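Here are some questions and answers for a reader new to this structure.

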Amino acid sequence: MTSWEVVHSATVFIAEEMGVALRRSALSPNIRERADHSCAVVDAEGRIVAQAEHIPVHLGSLRVGVRGILEYLEREGVELREGDVVASNDPYITGTHLNDVTLLSPVMHEGRLVAYVVNKAHHVDVGGPSFGSINPEASTIYEEGLILPPVKLVEGGVLREDVLRIFLANVKAPAVSEGDIKAQVAAERVGVARVKELISRYGLRDVIDGWAASIEYARRLAGSELASWPAGTYNARDRLEVGPGEDDVVEIGAEVSVSRGLVTVRFTDVPRQLQRPLNAVFGVTYAASTFAVRSLMKSEVPVNEGLYSVIDVYAPPGSMLNPSPPAPVSGGNLETSQRVVDVILLALSRAMPDRVPAASSGTMMNVMLGGVDPRTGRTWAYYETVAGGSGARPDGDGVPAVHTNMTNTMNTPIEVAEASYPIVFTAYRIREGSGGNGRHRGGDGVVRAFKVTAPARLSLLASRFRTRPWGLDGGLPGLPARVRVVRRDGRVEELVPFGSFDLQPGDEVIIETPGGGGYGRP
């Protein structure tokens, strides 16, 4: 009998290899350089058995998204066969936002469905009025881009050109989007082939038993870890900017209960859903909650159904953390998810002050840019999240210039961005002194600046402009975010974090991200 650990490790490697295939095949810098994608292997019951640890906001949401897709297919009477690949980006089914296109494929063995492989990748543009499709002014999801319900993109191993043409007709850089979605298809094929090889080598029964044992191991390990946490109910509140005005700030309250090896996170103290793109579909809320809990565990708990089974999350239907269509959701995946992590960590700092760091920068600082490239005559779209500082820890300083919490991507190298788009970078450095002071200092943020060499449209969606990353145990907060445009005639304009702006050749955009909070009295 094959050891379950062998099956588990091999399955995790399959998910990792899928990610490598996807990243190396993609055309957009967002996937190729920033690795804004995630991959997983799922058993026939729809349970996550292994995930490659790529993007935190994708990890927990894949559990919700896989279930959503399978329920949709069953409801619509769609049967999956050998060689099929289903694609969807509907946030209310797949669990994040429109930019994240999810692909799911069945794995068949002797005519029987035995597993699924799934990947999710952030496409730089999926339509809508804004370059990058993250529209800071959207009041409904219809202003954010094309909604693709679960549909067979590949049927019986043959790419459906009709479905692909519909998708590409809605995006601003179709050649790039086509390359990215075909890279996702390639990753699916790698995953299916590797799972079949695993079964061929160890036998179907040992593989299925190994997956079940892996899930049970993660459940017991996570439960044992949580049983060592101080039992009790802990509350916290934090603020999130949701619009450009001074009063466009809401409060998010969390109640975190620890009891008998289980954690329950309840968001009963949150606003109703908004007509602004800061709503987070439940998949995002779940992903952020499970990330926050797992990040405080000392044990290396496998990311599968076993871990998820000991964390229960509730957000009221119709709230900004569990909205209903047609509420816009593009920024909930980005900014609201960060604040969900912040408020859960703040609550748990009451229970474990020796383990929880101060607040990190708390924003992904989403920059969307596009126009027509005079070098090629083609429309281009650029998306970037800019790093900030991590919060100081009970035993050390925070880390400067790092993507934190729900983003976890890399940056787009300046050389790649300049070669791909009509922009020239003028600064990329640490924002000295932006971390909060304390016995241990918060990590510093980043200064990233560029000029456009052709007319372009800039959109910003970010937070921590009017609120600051909090410190702990007397530590001071980090500096807030700031974005300016220096026009080519020398005029300086302060930009609000929710808006779109026209740029002319020679205009310079200067982005300053928040530093993390400090820990302990200075």
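Biologist: In which loop does Asp473 lie?

Modeller: Helices (H or I, at least four residues) and strands (E, at least two) are DSSP runs, numbered from the N terminus. Asp473 is not a glycine, although its phi is positive, about 55 degrees. Its place is the loop between β16 and β17.

Biologist: What kind of model is this?

Modeller: Residues are numbered from 1 along each chain as its sequence is written, and side-chain values use heavy atoms, with hydrogens and water left out. Local features need pLDDT of at least 70, side-chain atom pairs count only at pLDDT 80 or more, totals for chains, interfaces and linings use all residues, and the model is predicted.

Biologist: Is Arg464 buried or exposed?

Modeller: Arg464 is in the loop between β16 (456-461) and β17 (482-486). Its phi is positive, about 60 degrees, and it is not a glycine. Buried means under 20% relative accessible area, exposed over 50%, partly exposed in between (1.4 Å probe, protein chains only). Because its relative accessibility is 0%, Arg464 counts as buried.

Biologist: Which peptide bond is cis?

Modeller: Pro326 sits in the loop between β11 (311-314) and α10. With omega near 10 degrees, the cis bond runs from Pro325 to Pro326.
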